[in-house]
Amino acid sequence: MSRIGKNPIAIPAGVTVEVNEGVVTAKGKLGQLTQDFSDVSVKIEDGQVIVERTSDHKDHRSKHGLYRALINNMINGVSAGFTKELELVGVGYRASNQGQKLDLALGFSHNIVLEIAPEVKLETISEKGKNPIVKLTSHDKQLLGQVAAKIRGFRRPEPYKGKGVKFVGEVLRRKAGKSA
């Protein structure tokens, strides 16, 4: 039995969850999310969402914990939301935004201008003497992770000096350079 899959999901106050023909919909103060599901059954009982698998087939066992986790992320997203912070480490690395356009100076010949999806709130923090920080907030965890990974992919942190775009709190494996 899936340890994650058999845990019930508590529905917080202010969130409504509906199940209709293979689609789960969660509505809350931050927005609305939907998720298709198959090979499992989803029920709402006593203010909790319960995910059960229909049989012990391998596909059904693998999807049991997956859909429970996705539904849990939806409910947490529409009630509290998710935040990711990226730090730009390097001399001359800068970040600024005008609305949903993110402008990054990452040591290339031209700045990188990225249009961020409207579901993701964008904020850039630049303090003197500290590395610039790009703060992303959204109710959709999947979309937030995808946008953050795209920004990080422009200049991944390198292992010698640690320069690049990294998540705040991320621990990098550092290497010793050549010794003369």
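Which residue just after α1 takes a positive phi? In this predicted model, that residue is G81, whose phi is about 90 degrees.

**View 1. Helix α1 and the residue that follows.** Helix α1 comprises 22 residues, 58-79, and spans 33 Å from its first C-alpha to its last, which is close to the 32 Å expected at 1.5 Å a residue.

**View 2. The open sheet of four strands.** The strands of this open sheet are arranged in the order β11-β12-β7-β13, with antiparallel pairing. Its edges are formed by β11 (121-125) and β13 (164-167), each of which pairs on one side only, and the twist from one strand to the next averages 20 degrees. Strand β7, residues 82-89, is joined to the antiparallel β13 by 4 bridges, and L86 stands opposite F167 of β13.

**View 3. Helix α2 across the strands.** Helix α2, made up of residues 141-153, lies across β7, β12 (133-138) and β13, and its direction is at about 5 degrees to that of β7.

**View 4. The open sheet of three strands.** Here the strand order is β8-β9-β10, again in an open sheet with antiparallel pairing. The edge strands β8 (94-98) and β10 (112-115) each pair on one side only, while neighbouring strands are turned against each other by 20 degrees on average, direction ignored. Between β8 and β9 (residues 101-105) there are 5 bridges in the antiparallel sense, and Q98 has K101 in β9 as its bridge partner.

How values were computed
Residues are numbered from 1 along each chain as its sequence is written. This is a predicted model: local features need pLDDT of at least 70, side-chain atom pairs count only at pLDDT 80 or more; totals for chains, interfaces and linings use all residues. Side-chain values use heavy atoms; hydrogens and water are left out. Helices (H or I, at least four residues) and strands (E, at least two) are DSSP runs, numbered from the N terminus. The expected span of a helix is 1.5 Å times one less than its number of residues. Two strands pair if DSSP finds at least two bridges between them. Axes are lines fitted to C-alpha atoms, for helices over the stretch in contact, and angles run from 0 to 180 degrees between N-to-C directions. Contact means heavy atoms within 4.5 Å.
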